[in-house]
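Hi there,

Here is the structure I promised to pass on to you. Have a look at it first, and then read my notes below.

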Amino acid sequence: MASRKNTKFIFVTGGVTSSLGKGIIAASLAKLLQSRGFSVTIQKLDPYINVDPGTLNPYEHGECFVTEDGAETDLDLGHYERFLNINTSQENNVTTGRIYYNVITKEREGAYLGKTVQVIPHITDEIKRNIYAVAEKNDYDIVITEIGGCVGDIESLPFIEAVRQVKWDVGPNNFLVINLTLIPYLKAAGELKTKPTQHAVKQLLESGIQPDILVCRTEHKLPQEIRKKLALFCNVNINSVIEAMDADSIYDVPLLMRKEKLDERVLAKLKLSHKVEPELTQWKNFLGKLKNPISDINIALVGKYIELPDAYKSITEAFIHAGTENETKVNVKWIHSEEINSENVKTLLENVHGVLVAPGFGERGIEGKIATIKFCREEKLPFFGICLGMQCAVVEFARNVLGLKDASSTEIEGKTKNPIIDLMQEQQSITQKGGTMRLGSYACELKKNTKAYQAYGKTKINERHRHRYEFNNRYLQDIEAAGMKATGINPKTGLVEIVEIPDHPWFVGTQFHPELKSTVLNPHPLFVRFVKASLEHKILSESN
């Protein structure tokens, strides 16, 4: 087991403004350290009071990323997994809500023996317990903890105080703070301005934390005199002022940080050897293919949260991974499911080579998704349905092929006479929403000679879920007799995990979320095959 004595702790804070990319910087640094042979994980501490992001509207916070162990987490954990190619877990994302929930539960159980429960020490101790728990669980050399929000936010204060205390617990050689900041460019003055960063660092200092390294987001190169000024007024070494220019792709950032020697500065400050050069051959090969595609295709993503692309972050990243594997640039065409219908579907899907119908919850936009799927099925356009997208595919097939015109999901139409999609038995008495779905990794057995089997190349797989409603097996025999096959089944429950139409070039729906397991080094096989099928469709349509 790791102990605090042999694990190094790195904290990434943000100043000036939010959304500077702390998650990408943390993931990039972790990638560089991992490529030198260190075992690394990343944790996200979020200051909001929701117990987890599972009940948050995607417009509020982007997608909810689900881990193997069924934790509903922040989308930054998706970046961590995609960069590091390792699984995260419940311990890797902790919110203020979770911290207070744990403390209040302990207080109700009498764990504090009648003491007055306060922010210090009880809340800060619980935060620290969660930080150390990650190290103790998997024997990591380095734990990187990203603090959500912005330095100076009221809700971040207990986290910042806990970070200050960690330094006293583990000692200065095992502790490091990186502050990500913004150096704005004033066009009228033609100048880069350091004052916002000075103020942000001053706020950190008021909380008892001296940042060791400044990573400066900027649209222009940082001249030496600006670096000197930042070093002087923020009390850091000049070679610890790191330039983070805007990049074409998030996957460029590890190499840009390598060029700025961020990893070397970190290793030197933590007194770790940096004699081993980073092994980034596969990463560079990926970037080479990403930037030099041989072909390109257009794929429509039909969903109801398209105003905020972060709501489908893992899907768009899975397309980048799968496109690169096929040496093909995937151009995603965003289509709102409320704005597509049987009259305009042909026009909206013109010049599209494949369609992905996205996951989601609730009835809004359902009919648009069903109209889209009908068009894909009849016109032999490659189709990929995920979770609700798969359920809509089954409903469409039941209505238009089986002739069950009132077929629906009980999520959409509670009193439907033909509940093709229905609530799981164990879900029917649940009234609380948080964490009550089928969540995390479940087994699936694939039938041979199917599109899914061709993609995976094996019969036993595990995939991640996040849903309440399931295919109703009462209709399985009729659906299969009419030409839609259940090609992936959960071996324990008999629940349908994958459906396909065999005489269609590529028509696959999955109850699980394959996008959650796609990484740079392991693109998801279903996405790879879907992109390949869409490329073949394009070649075929251009030759006719």
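**Helix α4 and what covers it**

In α4, the residues Thr96, Gly97, Ile99, Asn102 and Val103 are buried. Please keep in mind as you read that this is a predicted model. The helix itself covers residues 96-108, 13 residues in total. From its first C-alpha to its last it reaches 18 Å, close to the 18 Å expected at 1.5 Å a residue. A rule that helps when you look at any helix: an α-helix has 3.6 residues a turn, so residues three or four places apart point the same way.

What covers the buried residues of α4? The cover includes two strands, β2 (40-46) and β5 (93-95), along with the helices α5 (119-138) and α6 (157-170). After α4 comes Gly110, which has a positive phi, near 85°.

**Strand β1**

Which strands pair with β1? One is β6 (residues 142-147), parallel to β1 over five bridges, with Thr145 as the bridge partner of Phe11. Another is β7 (residues 175-182), also parallel and joined to β1 by six bridges; here Leu176 stands opposite Ile10.

**Strand β12 and its partners**

If you want a pair to look for, Ile299 is opposite Val332 in β13. β12 also pairs with β14 (residues 354-357), in the parallel sense over four bridges, and there Val355 is the bridge partner of Ala300.

**The whole chain**

Zooming out, the chain has 18 helices and 23 strands. Its C-alpha trace spans about 75 × 65 × 45 Å along the principal axes. A compact globule of 544 residues would have a radius of gyration near 24 Å, so the 25 Å of this chain agrees with that. Buried residues make up 56% of the chain. The chain exposes about 23,500 Å², and carbon and sulfur atoms supply 49% of that area.

Enjoy exploring, and write back with any questions!

Best wishes

How values were computed
Residues are numbered from 1 along each chain as its sequence is written. This is a predicted model: local features need pLDDT of at least 70, side-chain atom pairs count only at pLDDT 80 or more; totals for chains, interfaces and linings use all residues. Side-chain values use heavy atoms; hydrogens and water are left out. The expected span of a helix is 1.5 Å times one less than its number of residues. Buried means under 20% relative accessible area, exposed over 50%, partly exposed in between (1.4 Å probe, protein chains only). Contact means heavy atoms within 4.5 Å. Two strands pair if DSSP finds at least two bridges between them. The radius of gyration is taken over C-alpha atoms; the globule rule is 2.2 Å times the number of residues to the power 0.38. Accessible areas come from the Shrake-Rupley method with a 1.4 Å probe; for residues, only the protein chains shown count as cover.
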